[in-house]
Structures are given as C-alpha cells and as structure tokens.
Amino acid sequence: MTKDDLIAKLKIIVAPYVQDEAAFKTLSEDTDFVSDLKINSANLVDIILDIEDEFDIRLENEDMEQMLDVKSAMAIVTAKLNG
Amino acid sequence: MVGNDIIDIELAKSQSNWTRARYLDKLFTKEEQEYIITATNPSIMVWALWSMKEAAYKLYTQLHPSRFYNPKSFNCKLQQPHQVIYKDFHCYVNTQITSDYVLSEARLDNCDMNSMVIEFHTQASQSHSQILHEKLIDVMSNRSHYDRTPLVLQKDSFGIPKIKYGQEEINISLSHHGRFGTYTFI
C-alpha cells in the first residue's frame, strides 16, 4: 500500500468523528486528530477500533499511546501490517 | 494544580456507542468494567469513569508535561474517596452527576470540587472554547488580587493551558462538551 493509499483510507475512517471540516479538507500527514480535527477524545477509541477492523490488525495499549495524529497512525498501521 | 472534565450526557449518547465490540476493553480495566456491568445505570458509569480518567490525565500532564493516549492505564478506584492511579502517580477525584452532565475534578489532595459550570446558548462548538476562556478571565479578573496586570491564557506545546499574570503562572483547567463548559483555577 502506498502512503497516499494509506492516507486516503485513514481519511475515510476519521471522517465521521471530525468536528473541524476546514482542517479535514486539508488533511495531511501532519494533521493532529485532536488539536486540528477537534476529534473528541472518547472518539479516538472508535478510530482505533475502525483501524483494527479495516486493516484486520489488533492494537495494544502501547500502540495507542501516540495515536494522536495522522503520521503516528500511519507508522503504527504500517508496522503492524509488515510485522 | 487541578484537572477537570465535563461530558454532556445527551451528546455522549449520540457521539459514542460504548456497547460496540471491544470498546470497553480498550478503555477500561477489568475492575472498571465490573463497575459498569453492575451499575444501576451503566451508561452513566461509563461517562463517570471516563471523565475521572480525563481529569486525572489533565492533572498528570501538568505535573509531567507530555501528551499521549492511554486511558486504560489510568485506573479508577471507586472506594471513598475516589482516586485515579497511573504508574506511581495518584490523585483524588470528585465527580458530580446531574441529569444533563457528568463533571469530574482531579486534585493531588482530597478536597472539595471548585469547578464552575456554564451552559452555552449558541450552537457553534468552536465558539464555546472562546466563551469559556473569556468567562474564566472575567471571573479571575474580578478577584481583587488580580488587578491591573492583564491575565493572559496560554497553551504550551502539549496543549496544556495556563494563565499568565505578569511573571506569575496560574494553573487552570478547562473542558467543554456539547451544551456545557467548566473551568477551574486554584
């Protein structure tokens, strides 16, 4: 999967939880789920569960710790898929 | 130092489905899941525990500036007085539950809650944080010992807010969700 494919998939996953549509339109690797997209912290777990379902992986507590931005989510998913 | 968190119960119902598969297991320890399953109102227990964890996290990150997402590691203990434990950190948490909201406040000492709640009368949630900031500054400015020098709200690189008053820094905590906002300072 290319970087762009991964970002596109993540974009679909986070869409339902986004509170700031302007930031969502310009979503990039540097976008932060909470400070940019204003996603509620209780919805971060929904994103984690959706990522698990989409990529058929399981994320541990330690994986979740840094799951606060697009870049970290990409790194964790890539590591799991290659692991 | 103080951390607080408020949850609009009505909005939480529509924003989060805590009954979805693996949801509870991601956020709550076995002991906390037991509190939820055996509660008279499991939904309220979910949000009470969640707000306790959030309030404790906000207090923890004031002591140890950082940013991370590990709610399950903040263990809620519901024996009186309520406490949250994370690694070697522990704090006391007061929780207030009404028919509209759940509010938790975390402190290092066991003392009464002093978070104030405001209800928003506008829809746009972006403006809610602004209204909350202005209300906090307003209330603090009206305290006689905060005269002349302006109070300025600042956030550090981790997003932790503080009030600057001249050379002095005052620890605060702010939270808003749906129709409600809360602020506190010491």
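How many salt bridges does the structure hold over all chains?

*Solution.* This is a predicted model, and over all its chains the structure holds 22 salt bridges.

**Exercise 1. Describe how chain B and chain A meet.**

*Solution.* 
Step 1: Start with the residues. Chain B brings 20 residues to the contact and chain A brings 25 residues.

Step 2: Turn to the area. About 2,000 Å² is buried between chain B and chain A, and carbon and sulfur atoms give 42% of that. On the chain B side, 37% of the buried area is supplied by B:Lys26, B:Arg67 and B:Tyr69, more than any other three residues.

Step 3: Look at the polar links. There are 7 salt bridges across the interface of chain B and chain A, and the count of residue pairs in polar contact, both at pLDDT 80 or more, is 16. A salt bridge joins the side chains of B:Arg20 and A:Asp50, at 2.7 Å from N to O. The general idea is a friendly one: side chains of opposite charge can pair when their charged atoms come close.

**Exercise 2. Take chain B apart into its domains and examine the surface between them.**

*Solution.* 
Step 1: Find the bounds. Chain B divides into domain 1 (2-111) and domain 2 (118-185), with 22 Å between the C-alpha centres of the two domains.

Step 2: Size up the contact. In chain B, 21 residues of domain 1 touch 16 residues of domain 2. The two domains of chain B bury about 1,500 Å² between them, and 56% of this is on carbon and sulfur atoms. Within domain 1 of chain B, the residues that lose the most area to domain 2 are B:Asn4, B:Ile6 and B:Asp8, together 35% of what that side buries.

Step 3: Name the elements. On the domain 1 side of chain B, two or more residues come from each of β1 (2-8), α1 (9-15), α4 and β5 (101-107). Of these, β1(B) gives the most, with 7 residues. The classes on the domain 1 side of chain B are 8 nonpolar, 6 polar and 7 charged residues.

**Exercise 3. Work out the packing of α3(B) against α4(B).**

*Solution.* 
Step 1: Set up the geometry. The axes of helix α3 (residues 30-38) and helix α4 (residues 42-63) of chain B come within 7 Å and cross at roughly 145°.

Step 2: List the residues. From α3(B) come B:Glu32, B:Tyr35 and B:Ile36, and they meet B:Pro42, B:Met45, B:Val46, B:Leu49 and B:Lys53 of α4(B). By class, the residues of this contact are 6 nonpolar, no polar and 2 charged.

**Exercise 4. Inspect two backbone details.**

*Solution.* 
Step 1: Is the peptide bond from B:Gln80 to B:Pro81 cis or trans? The bond is cis, with omega near -15°. B:Pro81 lies in the loop between β2 (75-77) and β3 (83-86) of chain B.

Step 2: Check A:Lys38. Although A:Lys38 is not a glycine, its phi is positive, about 60°. A:Lys38 belongs to the loop between α2 (21-25) and α3 (41-55) of chain A.

Note on methods. Residues numbered from 1 in each chain as written. Chains lettered and ligands numbered in written order. Predicted model: local features only at pLDDT ≥ 70, side-chain atom pairs only at ≥ 80, totals over all residues. Heavy atoms only, no water. Axes fitted to C-alpha atoms, helices over the stretch in contact; angles between N-to-C directions. Helix = DSSP H or I, 4+ residues; strand = E, 2+ residues; numbered from the N terminus. Contact = heavy atoms within 4.5 Å. Nonpolar A, V, L, I, M, F, W, Y, C, P; charged D, E, K, R; others polar. Buried area = accessible area lost by both parts, 1.4 Å probe. Salt bridge = Lys/Arg side-chain N within 4 Å of Asp/Glu carboxyl O. Polar contact = N/O pair within 3.5 Å; in protein donor to acceptor, adjacent residues only side chain to side chain. Domains from an automatic or database assignment.
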